[in-house]
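Here are a few notes to go with your first look at this model. Have it open beside you and take the points in order.

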Amino acid sequence: MATTLLHLLYFALINLAVVLCGYVFIKRTLIMQNWLLLIVSILAVHLIFLQEHPIIRMLAIIATTFSCMKVIAVTNSYKGKILSLKFNNWLVFAGGWAGMRAQPFETLGADPLPNAWPMIRFGISRIIAGFLLILLAHKVILLPLNPNLTYVLVTVILLVAFSLILHFGLLSISAGMWRLKGINTYLLFNQPAKATSLTEFWSKRWNIAFSEMTSIAIFRPLKNKIGSAAALMLAFAFSGLLHELALSVPVNYGYGLPLLYFIIQGCLVLIEKVLTTHKITFLQHKVIAKVWTFFWIVVPMPLLFHPHFINEIVWPLAGLK
């Protein structure tokens, strides 16, 4: 326990240094130094938590990655512009919001914005639903079912449960709370079931923080240099690498699988763009479009959530073995 507390102290100091140094880098538009900061910080946290439980390792790596990527995203966002984001606003943004666009935090302290309480109520209801699903998983595991079927059912239930709690619960509450402070925050998971294409799903519906991150840090700086298609594939590949850090590194297994998942997604998004360009219209049929979208999201998903991640992180988080 003492060793873990010491590691957490090191983690806190590293992230504090990232945030403080990051603001200096933002003011001076030090883009290359930002990327070096990302590599050094993640490597340091990885080595510090090497002997800790995979869950602790995962959370530490994810938090540090987000801290560093915020520095990179904000530096690129304000490049060539006057930095209107004050230091205190930067601290609030860096430590209190999962999105990657800092501009809304320039209005911190303004009058409350509408739709704050509906977001908060929405988030609370999703957290309750998530915990109910975890209870359901504990019941399902006791049923006299085939062990393989039980494993699949419980895993699916838990993945949905944790997504409800975090993605649709805590992050929605966070968005609503900041709107009460005059900040134009928004749902980072915005009705993904309404997506009718992979392009829409990944850019406008699911994990908008990641979409913002890859767009600002990878796609926009590269599209005029190497072309939109290559920049798009690099953005998806970078997203895959970040998911490697979150899903493979903590369990030291499954390397390359999350990256492959996002390479597949990038290729399919490019295929959609080709179909649109050549006016091939079968994806304009709403039902076909939804089947296409969610087939390609769900079927390759075992690449993303590989068995060791499920066994060493997802099930233990729910108190299951």
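1. One definition before anything else: the expected span of a helix is 1.5 Å times one less than its number of residues. Keep in mind too that this is a predicted model.

2. Now try that on helix α2, which runs over residues 31–48 and has 18 residues. From its first C-alpha to its last it reaches 26 Å, close to the 26 Å expected at 1.5 Å a residue.

3. Which residues of α2 are buried? They are I31, N34, L37, L38, S41, I42 and V45. Looking down the axis of α2, you'll see the buried residues fall within an arc of 115°, so they line one face of the helix.

4. As for the buried residues of α2, what covers them includes α1 (2–28), α3 (54–77) and α9 (228–248).

5. Helix α4, residues 87–96, is worth a look next. Its buried residues are N89, W90, F93 and A94. These cover an arc of only 130° around the axis, which puts them on the same side of α4. N88 and G95 are exposed on the other side of α4. Among what covers the buried residues of α4 are α1 and α3, and both of these helices also turn up in the cover of α2.

6. On to charges. How many salt bridges does a search of the whole structure find? It finds one. The partners are R205 and E200, whose side chains meet at 3.0 Å, N to O. Are R205 and E200 buried or exposed? Both are buried. As a general point, side chains of opposite charge can pair when their charged atoms come close.

7. Last, the cysteines. C21 counts as partly exposed, at 35% relative accessibility. C267 is partly exposed as well, with a relative accessible area of 36%.

Technical notes:
Residues are numbered from 1 along each chain as its sequence is written. This is a predicted model: local features need pLDDT of at least 70, side-chain atom pairs count only at pLDDT 80 or more; totals for chains, interfaces and linings use all residues. Side-chain values use heavy atoms; hydrogens and water are left out. Buried means under 20% relative accessible area, exposed over 50%, partly exposed in between (1.4 Å probe, protein chains only). Helices (H or I, at least four residues) and strands (E, at least two) are DSSP runs, numbered from the N terminus. The arc is that of the directions from the helix axis to the C-beta atoms. Contact means heavy atoms within 4.5 Å. A salt bridge is a side-chain nitrogen of Lys or Arg within 4 Å of a carboxyl oxygen of Asp or Glu.
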